[in-house]
Amino acid sequence: MGQHREQWASRWGFMLAAVGSAVGLGNIWRFSYVAGENGGAAFLLVYVLCVLLIGFPVMMAEFMLGRRAQSDAVESFTKLAPGKPWFIGGGIAVAAAFIILTFYGVIAGWSLKYFVAYLTGGLWDPPAVEDGFAGYFTNFITDPVEPVIWQAIFMALTIGIVVLGIKKGIEKANKLLMPTLAVLVVLLAAYSLTLGGARQGLAFLFAPDWSALTEPGVYLAAMGQAFFSLSLGMGVMITYSSYLAEQHKLPGAAGMIIGFDTLFAIIAGIMIFPAVFAFGGEANAGPGLVFITLPGIFESIGGFGVIVGLLFFFLFTSAALSSAISLLEAPVAYVMRRFNLSRKAATWMVGILVFLGGIPSSLGMGVLSGITPLPGRDILDSLDYISGNIMLPLAGLITVLFVGWAWSRTEILKQSDLGDTSLGRAFFWLLRIPVPIFIAIVFIWMASQL
């Protein structure tokens with residue numbers, strides 16, 4: 001059956017969907033604990049530089065590729081360079097999106113469980129288990145059934161939106177989710193600043209400890225976070241931009257998406273760190289920051305803490321959903337074209353495969369805890385490392401090499417909508433020289449750590 005190429009209803013709809021893809025667990029769950037583990041303000045400074053100097057050119061390259069080819073992440077390379085192996089970059093990107101969603105859905109299921117627990121009263125009082133919130137979380141993620149059920153519910157929500165298509169599903173969902181997320185994160189950040197830890201929290205986030213910049217790990221973590229947070233190297237931005245018409249300009253869209261994503265991450269930091277310091281928590285508490293430390297803080301607040309917890313996990317789950325639909329759309333677009341399937345059939349097929357692929361991660365803290373694909377890392381952490389630190393940089397590297405070197409200078413300046421201006425020439429130089437060199441260094445370093 002022939003496939004009609006869908007289009008966004010408006011440029012604003014495209015930008016909201018792209019912002020929705022970028023704004024997710026990477027901004028709340030991952031940014032918070034990665035910043036905490038890498039020096040706070042020093043990490044934030046390096047992260048912002050990575051976003052501007054690396055993230056913007058890579059996002060532009062993906063946008064240019066998708067809009068020019070009007071196809072999925074794999075076919076985009078094939079259409080523009082037939083008979084050449086560049087399509088491998090698209091294949092890696094689609095595979096990365098699939099793998100990330102397998103464990104992303106697990107963590108989002110945890111968040112959905114906590115949201116429902118706050119909604120129904122299950123977390124209105126401290127859990128009556130050993131070690132309180134830590135014991136509650138451990139008992140939940142080590143259960144052989146419950147985490148899989150919540151993962152399945154979250155994936156069903158994601159599939160339900162993607163099945164509806166670009167305009168009626170993805171675009172409409174993000175028009176509702178993104179303004180809601182923006183209001184909630186600002187309200188929760190403002191409330192966090194009243195809890196007594198504002199000075200310490202803001203100092204941690206905005207007063208750099210310059211000695212942290214001597215650690216190579218800070219730069220690598222910032223680069224990895226930039227790719228993960230901006231949905232780069234996943235085929236998402238190539239796929240989303242393929243639904244754009246030629247007249248829609250790219251630089252403003254890319255700048256706005258990056259700006260909103262970075263601002264959201266910073267406000268999320270303002271929301272989390274003052275509360276952590278106000279109640280004596282550890283800023284570098286790792287992934288448990290969200291599921292153990294913060295619920296303990298909400299309980300310490302008193303009666304109003306239940307409302308704060310409810311709003312926080314609604315925010316957390318909604319942000320995960322906005323990203324999950326983009327992660328599902330990238331492989332769905334490929335499967336629709338490759339196997340000539342309807343959107344409904346492709347979405348259900350890929351969605352079920354993602355769910356099944358996520359079960360090992362869901363059980364990796366319990367019955368499968370003895371399995372460590374990478375030394376010292378459980379299944380979820382191993383997939384996170386391989387996809388986020390190996391596959392995303394590699395796919396991004398192939399993309400910028402393709403656009404920067406397989407395309408002519410004239411084509412790059414034209415397709416970027418920057419023209420032969422000082423900004424266009426600077427973009428051309430960044431895309432060709434510094435960006436691929438830096439990504440290659442990160443990729444080689446990360447691969448050497450396997």
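Author: Gladly, and please keep in mind throughout that this is a predicted model.

Reader: Is Met 349 buried or partly exposed?

Author: Met 349 is found in helix H15, and Met 349 is one of the residues that make the nonpolar patch. Since buried means under 20% relative accessible area and exposed means over 50%, the 35% computed for Met 349 makes this residue partly exposed.

Reader: Which residues is Trp 110 in contact with, leaving aside its neighbours within four places in sequence?

Author: The largest nonpolar core has 164 residues, and Trp 110 is among the five named as touching the most other members, together with Ile 28, Met 271, Phe 312 and Phe 313. Leaving aside neighbours within four places in sequence, the contacts of Trp 110 are Phe 137, Phe 140, Ile 141, Pro 147, Phe 291, Met 365 and Leu 380.

Reader: What is the relative accessible area of Asp 131, a residue other than glycine with a positive phi?

Author: Asp 131 is found in the loop between helix H5 (87–120) and helix H6 (132–141), and its phi is near 70°. Exposed means over 50% relative accessible area, and Asp 131 is exposed, with a value of 61%.

Conventions:
Residues are numbered from 1 along each chain as its sequence is written. This is a predicted model: local features need pLDDT of at least 70, side-chain atom pairs count only at pLDDT 80 or more; totals for chains, interfaces and linings use all residues. Side-chain values use heavy atoms; hydrogens and water are left out. Patches are made of residues with over 30% relative accessible area and no salt bridge: like charges are joined within 9 Å, nonpolar side chains (Val, Leu, Ile, Met, Phe, Trp, Tyr) within 5 Å. Accessible areas come from the Shrake-Rupley method with a 1.4 Å probe; for residues, only the protein chains shown count as cover. A salt bridge is a side-chain nitrogen of Lys or Arg within 4 Å of a carboxyl oxygen of Asp or Glu. Helices (H or I, at least four residues) and strands (E, at least two) are DSSP runs, numbered from the N terminus. Buried means under 20% relative accessible area, exposed over 50%, partly exposed in between (1.4 Å probe, protein chains only). A nonpolar core is a set of buried Ala, Val, Leu, Ile, Met, Phe, Trp, Tyr and Cys residues joined through side-chain atoms within 4.5 Å. Contact means heavy atoms within 4.5 Å.
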